[in-house]
Amino acid sequence: MDIMRNNKVRSAGIGGVLTWPLLLLSTPALCAVEVIPTLALETHAYRLKLADNNDADRGLAQTLAPGVSLTYDNSWLQSALNIEQKAVIYRDEQRDNESYTDFRLTNRANFWRDDLTLRFGAGQSYRAASSNLSRYVDEITASGDMAKVQTREAGAGYQFDRYNWLNAFFDVNAAQASTDKSVSAVFNDDPFADVALDNQTLTGSAEIKSKNRASKFFYGFRANGQKTSREFGEDLYSRRGNGVIGVPFFWRVAMIAQGSYESNSNLGQVNSQFANYRSYQSVGGGFEWNISDRSWWNLTYNKINNFQGESEYIGTQFNFQPSRRTKLTGSLDRRFFGRTAELSGSYSLKHLTMAVRVSDSVNSLLALNAGDADFGLFVCPPGVAPGLASCFQPPTAQYRPQPGERYFNIQLPGEDLSDALVVRRSVNYTIGYDFSRLKLQLQLGERRDIYLEQDAESQDRNASVNANWQLSKRNSIAATSSYSKIKFEGETGLSNSFGNRQGTQASNSLSFNRQINEKLTAGLTARHTEIDFEGRELDYQEDRLSFDIKFTF
């Protein structure tokens, strides 16, 4: 009980620290140069079929959602606030009327010739707590079962790049994620209890390096630290560091030496496959080829030193930038959980854009849900209805969304809201096409979560496509299709009351949209969703017909 009480005090303290800077920095945004009020009216007719009920559940719901988008932008401060209040009114006796408040606040301030950056943000949204349904159910069909997820974040970064022999970067970030409902792995008697969770994450990083790896001598040293505080579970902390030194060998080839170090907190129980979790070190050397002033590739032979003895492996790092349209950076190395890969790449033409991202991370599921970065190829301006019809492809690969703008992303969250610690490995590949009257976006991805404190693992392979065809100046047709294959293997009764499970989730929708005038748009959408797992306990079907009208004042 003392541990729980201390964690609650710590949660309140961090919340207070984050709240005041948010309010102070967001004050200028209230004098924004652009204010866009909106009002959305929707009518939904739906038919649901659950696994435990052979009869279909039919209903009618209407929503009224006033909202406002405020943006402020000047030479040193960019602020954006998007807020929407949604009231859901049902025409059946099975559900009670509900009200939801969604908002997203972002602030970014630059000082000292943009070398120092301060960041503050907050958000609130609603979703199902369990991954079985969270990708497709929403406030309309899951009345009263939605979890309220709140996030707060504050950070600062400083970069120094005045000299070729010294570049420096420092960054610190504090984040808080909370939910009023969760799928908790802590409560064995009722793992799906409506338990509120609160996680705080503090991260810091520092790096010093030479500016150009093509010089006669180059170096680079980087250190990272992370601490995640959980309300009920043990805290997780991690410290990592790596360094590299390079000297000329012949022509454009350099000889390099490198080393890495990782230390993690002493958890009471760790998955047996992570034998090197507590401490991990490696040293190695190899050769690096400087292909050009902006491109390089190295290959190293490394030796691991741990309590199990010594072992060897081959690692590589690369940075390819053959043109302004193409960029590909990545590495293949090892950490305590085995092979680790990082990859980030983009390729841009006038009408075609491609992007790929591969990453590994270790944190709680709740913290990872709050920290999911925007990943997409189309950018939507503030105050518009989400969809390809109103979004655009950035003019360059270096484009950074302006205040109020967001990436269009149709991959909705699919993980449990839980404080379970996982090693997450994810791959995402996206293609965007925009020419004449046609806009297309294809997303392919795979995510694998290995639970750190349990003998459990989940895998999610997904694909989605969104298309928009502009029939005329005012009329357009949009189609969306998404499919995911989910597999979970683990201990029954912890975060998984149904035992091992495997199934598919699919959703298809077709919309007709009309812009009546510059301020008024209307749309008609038909959607079918089907979730099919082995056995009938988690099966779900939904058919929905929606009509919406949106006013922009």
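Colleague: Hi! Are Cys380 and Cys391 buried or exposed?
Modeller: Hello! In this predicted model, both Cys380 and Cys391 are buried.

Colleague: What do Cys380 and Cys391 form?
Modeller: They form a disulfide, with their sulfur atoms 1.9 Å apart. In general, a disulfide is a covalent bond between the sulfur atoms of two cysteines. The structure holds one disulfide.

Colleague: Nice. Why is that disulfide right-handed?
Modeller: The torsion about the S-S bond of Cys380 and Cys391 is about 85°, so the disulfide is right-handed. As for location, Cys380 sits in strand β18, while Cys391 is in the loop between β18 and β19. The two are eleven residues apart.

Colleague: New topic: where is Glu139 found?
Modeller: Look in the loop between β5 and β6 for Glu139.

Colleague: And which side chain of opposite charge is nearest to Glu139?
Modeller: That is Lys86, 4.2 Å away. A salt bridge needs a distance within 4 Å, so Glu139 is buried yet has no salt bridge. Glu139 still touches several residues, among them Lys86, Tyr90 and Tyr126.

Colleague: Now the largest nonpolar core. Which residues touch the most other members?
Modeller: Tyr46, Ala61 and Val88 do, out of the 17 residues in that core. Strands β1, β3, β5 and β25 each supply at least two residues of this core.

Colleague: What does Val88 touch?
Modeller: Its contacts include Ala61, Thr63, Tyr100 and Ile140.

Colleague: And what does the second core include?
Modeller: That separate core of eleven residues includes Leu236, Tyr277, Phe337 and Leu452.

Definitions and conventions
Residues are numbered from 1 along each chain as its sequence is written. This is a predicted model: local features need pLDDT of at least 70, side-chain atom pairs count only at pLDDT 80 or more; totals for chains, interfaces and linings use all residues. Side-chain values use heavy atoms; hydrogens and water are left out. A disulfide is a pair of cysteine sulfur atoms within 2.5 Å. Helices (H or I, at least four residues) and strands (E, at least two) are DSSP runs, numbered from the N terminus. Buried means under 20% relative accessible area, exposed over 50%, partly exposed in between (1.4 Å probe, protein chains only). Lys and Arg count as positive and Asp and Glu as negative; His and the chain ends are not counted. Contact means heavy atoms within 4.5 Å. A nonpolar core is a set of buried Ala, Val, Leu, Ile, Met, Phe, Trp, Tyr and Cys residues joined through side-chain atoms within 4.5 Å. Lists of a residue's contacts leave out its neighbours within four places in sequence.
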